[in-house]
Amino acid sequence: MSDHSKNSHSVSVQVHGLRKSFDGVPVLRGLDFEVHRSEVFVIMGPSGSGKSVLLKHIIGLEIPDQGEILIDGESIQKPGVMDKVRMAMVFQSGALLNSLTVGENVGLYLTEHRLRPPEDIARVVAESLEVVGLKGLENRSPSELSGGMKKRVALARALVIEPQLILYDEPTSELDPLMAVTIAEEILNLKRRTQVTSIVVSHDRDLAFGVADRIAIINEGKILFIGTPNEVKNHSDPLIKKFIHAELTLDRTRTTP
Amino acid sequence: MFQNIGEMLLLFWRTIQALPFAWRQRQKTLDQLFEIGNASLLMACILSLFIGGVLALQAGSVLVQRGLGNVIGGMVGVSMAKELGPVMMSILIAGRIGSSMAAEIGSMRAYQEIDALRTMNINPIHYLVLPRLLAIAVALPLLVIFSVMVGWFGGALVSAYNQMIGISFEAYFNNLRQVVDVGDVANGLIKSFVFALVIGVVSCHQGLQTIGGPRGIGRSVTKAVVNSIVLILILDYFLTRILINF
């Protein structure tokens, strides 16, 4: 428990000149930004613009070709830096371990790091599942859950870690509007409760404008703009306007030949 | 295959370094042991019975014609203990267990489960590779002991009941006891221990290297089985060459 309770403050993240290519195709073309402590920072942009790759760099799953990522001023490439910070990521697919039950998935971090006795872990798991509206599903297998339920279990798994930095990859995709609101509320609740720094990658404009302190618009591996939700909404750049104000307008008079 | 040998040796070394965490992973190791034993015991029994039987049949008919029928027990005994038991069992386990290890770890890799472990600061080598390698390193030599004994029995059955041979159980096992010593069985066990490490490391490495979806998993499984068998047969020669002096 001592390990778990240490470093309870939130962290800042700085990204400097981040570049990454896959098979010679540049995906990130020199990103520079800072995420402040306890901030909800939303990254928006079209599909394939490099948002998820950026998240993987921040959590250390990818190594940059150039540039660096600092957490509280220390490069994550330095040995031991990643071990000092409690981070969690809610994957787009959930990424639950299919060989474990829902309860074992949610309690995995505590079990593997031996942070609490088993009866405590069972209680924490039950509480986390209740928060995401999945009370009593501890013994179910992930294969029995819908896509949205898997994502909520993944969120419960992240909550258990009590992270200082949490990354969400498309947290509301595949969710019905009511559950999307629940997840958005939980992002904000978690921030209020623990002052966690949150980085959210999403296409969901309602979520972005609802939870963000600041929004970054990214396109083709470059940052187009960073600002508050209001600044983004009122920005004059045509690309940003097109992305933010895109509407579904179908010509209903057209018929298929 | 050979360009990955360095990576496989590195994985093996990292797994050795993780040995102090073995007690923590005991439940997963026991689960894997059960999986290997449960999946392989019946198959091992059938395979060994018939290998021993064929060995006695092929060699026995020739030996009996030349008046050497009384040495069948020793010949089957040594062949099973030093060569056929360890090699055939290792090939069986490479196909049955190596493939399942590569498929399971490969699908975890493809569906980001390993990424999820890493984000929780859980080392995939401690969590996935160590229990599998420990389990197979214990299970394969045990299976080989079982296989050798069943193989001896298979040889005895054929020697006794095949009309071309007609060597009694007593004569067969008397000769086997005279010829086979503990060193011969230890020889086979040393080989099977090395082969177990090869299967474990190759299969886990292929699983961890999986790229893409179902097709990538299929490719990893095939490579794990083929590479394990090729390495087993190559190493078998060199191990035999080394152990022949002892």
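**Figure 1. Helical make-up of chain B in the predicted model.** Chain B contains eight helices and zero strands (helices are DSSP runs of H or I with at least four residues, strands runs of E with at least two, both numbered from the N terminus). Read from the N terminus, the order is α-α-α-α-α-α-α-α. The C-alpha trace of chain B spans about 70 × 35 × 35 Å along its principal axes. In this predicted model, local features need pLDDT of at least 70 and side-chain atom pairs count only at pLDDT 80 or more, whereas totals for chains, interfaces and linings use all residues. Residues are numbered from 1 along each chain as its sequence is written, chains are lettered from A and ligands numbered from 1 in the order in which they are written, and side-chain values use heavy atoms, with hydrogens and water left out.

Figure 2. Of the 246 residues in chain B, 49% are buried (under 20% relative accessible area, 1.4 Å probe, protein chains only). Among contacts (heavy atoms within 4.5 Å) with a separation of 6 or more, 83% link residues 24 or more positions apart.

**Figure 3. The open sheet of chain A.** Four strands of chain A, in the order β2-β1-β4-β5, form an open antiparallel sheet (two strands pair if DSSP finds at least two bridges between them). Strands β2 (25-35) and β5 (74-75) of chain A each have a single partner strand, so one side of each lacks a neighbour in the sheet.

**Figure 4. Pairing of β1 and β4 in chain A.** Strand β1 (residues 13-22) of chain A is joined to antiparallel β4 (residues 66-71) of chain A by five bridges. Val13(A) stands opposite Ile71(A) in β4(A).

Definitions and conventions
Buried means under 20% relative accessible area, exposed over 50%, partly exposed in between (1.4 Å probe, protein chains only).
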